[in-house]
Amino acid sequence: MAPHGDESGAAEEATVVGAEKRPISTIVILIAMQTEALPVVNRFQLVEDQNSLFPKGVPWVRYYGTYKDLNINLIWPGKDPSFGVDSVGTISASLVTYASIQALQPDLIINAGTAGGFKAKGASISDVFLASEVAFHDRRIPIPVFDLYGVGLRPAFSTPNLVKELNLKVGKLSTGDSLDMSQQDEATIFANDATIKDMEGAAVAYVADILKVPAIFVKAVTDIVDGDKPTAEEFLQNLAAVTAALDQTVCQVVEFVNGKCLADL
């Protein structure tokens with residue numbers, strides 16, 4: 001029997017172990033852009049929720065359906081009400097992750113999307129990576145301990161069997177709220193040892209971590225950050241083709257997850 005002061009910790013540990021051995025039944029797929037989301041929606045024949053689980057007035061969209069033994073919820077943050085563009089970035093990502101966990105109580109979160117890649121770390125256009133760790137690169141707080149909080153390094157949920165089965169590339173993911181890369185960002189991304197960079201992953205990881213929901217990160221490379229083409233130009237040029245690669249990999253991930261427990265991933 002655990003000492004009296006350790007009862008809550010022992011109970012929490014037992015709950016976690018039980019969850020890891022229970023078949024995954026509900027997943028949430030978080031995708032920031034409509035262009036990235038719709039192929040997955042169509043592939044799994046998901047339908048839009050007309051009676052939103054989310055607070056009135058938010059633009060967030062939930063698509064849902066079942067695939068074999070899985071309840072699939074794909075959440076897209078929607079269009080910004082003021083500017084009419086996809087609600088990308090860490091603020092929308094963290095809000096919608098929190099709301100999705102509260103409303104749906106998923107067994108697993110899959111954050112899927114496009115990313116920039118570094119050729120110096122072995123990334124090429126259309127490569128799909130599974131992130132091993134996630135961190136921020138634009139939260140600079142040069143005060144002891146606050147600096148570590150700013151970077152916010154967190155491991156993704158470990159999925160060695162998934163990586164082996166799908167033969168996925170693995171790399172560290174760095175997140176910031178800008179599409180381009182300043183010199184200061186570049187220095188932190190280098191310090192983060194990142195292979196890929198995006199605008200949502202670390203925010204999803206932060207919320208998933210504090211609410212104790214396993215999260216994995218599937219990122220397809222649209223542009224080479226340390227290449228010779230402007231990032232925005234290369235991103236738009238490759239978005240359609242890379243989205244197809246992302247869709248295929250997300251489908252394979254869902255297929256692999258179906259019927260398994262967390263400990264099998």
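Figure 1. At 1% relative accessibility, Ala202 counts as buried, where buried means under 20% relative accessible area, exposed over 50%, and partly exposed in between (1.4 Å probe, protein chains only). The structure shown is a predicted model, in which local features need pLDDT of at least 70, side-chain atom pairs count only at pLDDT 80 or more, and totals for chains, interfaces and linings use all residues. Residues are numbered from 1 along each chain as its sequence is written, and side-chain values use heavy atoms, with hydrogens and water left out. Ala202 belongs to helix H7, residues 201–210; helices (H or I, at least four residues) and strands (E, at least two) are DSSP runs, numbered from the N terminus. Not counting residues up to four places away in sequence, Ala202 touches Val134, Ala135, Phe136 and Thr175, a contact being heavy atoms within 4.5 Å. Between Ala202 and Leu95 there are 13 Å in space, C-alpha to C-alpha, and 107 residues in sequence.

Figure 2. Why is H7 described as largely enclosed by the rest of the structure? Seven of its ten residues are buried. These are Gly201, Ala202, Ala203, Val204, Ala205, Val207 and Ala208. An α-helix has 3.6 residues a turn, so residues three or four places apart point the same way. After H7 comes Lys212, which has a positive phi, near 60°.

**Figure 3. Confidence along the chain.** The mean pLDDT of the chain is 92, and 93% of its residues reach 70 or more. The pLDDT is the predictor's confidence in each residue, from 0 to 100. Over residues 1–5 the pLDDT is below 50, and this stretch has one contact in the model beyond near neighbours in sequence.

Figure 4. Rolling a probe the size of a water molecule over the atoms shows where empty space is left. On a 1 Å grid over the protein atoms alone, a cavity is a set of points where a 1.4 Å probe fits but cannot get out, and a pocket is an open set with protein on both sides within 12 Å along at least five of seven lines; lining residues have an atom within 4 Å of a point. Grid points are joined across faces, edges and corners, and a volume is the space filled by probe spheres set on the points. Two cavities of 30 Å³ or more are found in a search of the whole structure. The largest cavity holds about 70 Å³ of space. It is lined by 14 residues, of which Leu30, Pro77, Ala93, Val96 and Glu200 are the closest to its centre. Helix H3 (residues 90–104) supplies the largest share of this lining, four residues. By class, the lining has eight nonpolar, five polar and one charged residue; Ala, Val, Leu, Ile, Met, Phe, Trp, Tyr, Cys and Pro count as nonpolar, Asp, Glu, Lys and Arg as charged, and the others, Gly among them, as polar.

**Figure 5. The second largest cavity.** This cavity has a volume of about 30 Å³. Its lining consists of Glu133, Val134, Ala135, Leu153, Lys172, Leu173, Ser174, Asn192 and Ala194. Strand S6 (128–136) and strand S8 (169–175) are the elements that give two or more residues to this lining. Five of the lining residues are nonpolar, two are polar and two are charged.

**Figure 6. The second largest pocket.** The volume of this pocket is about 320 Å³. Among its 21 lining residues, Met33, Thr114, Leu179, Met199 and Phe235 are the closest to the centre. Two or more lining residues come from each of strand S5 (108–117), strand S9 (196–198), strand S10 (215–224) and helix H8 (231–257). S5 gives the most, with five residues. The lining divides into ten nonpolar, five polar and six charged residues.

Figure 7. Thr159 lies in the loop between strand S7 (154–155) and helix H5 (160–166) and is buried, with a relative accessible area of 4%. Leaving aside residues up to four places away in sequence, Thr159 touches Leu130, Ile216 and Leu265. Lys68, in the loop between strand S3 (61–67) and strand S4 (70–76), is exposed at 54% relative accessibility. Although Lys68 is not a glycine, its phi is positive, about 55°. Ser126 sits in the loop between S5 and S6 and is partly exposed at 32% relative accessibility. Ser126 is not a glycine either, and has a positive phi of about 80°.
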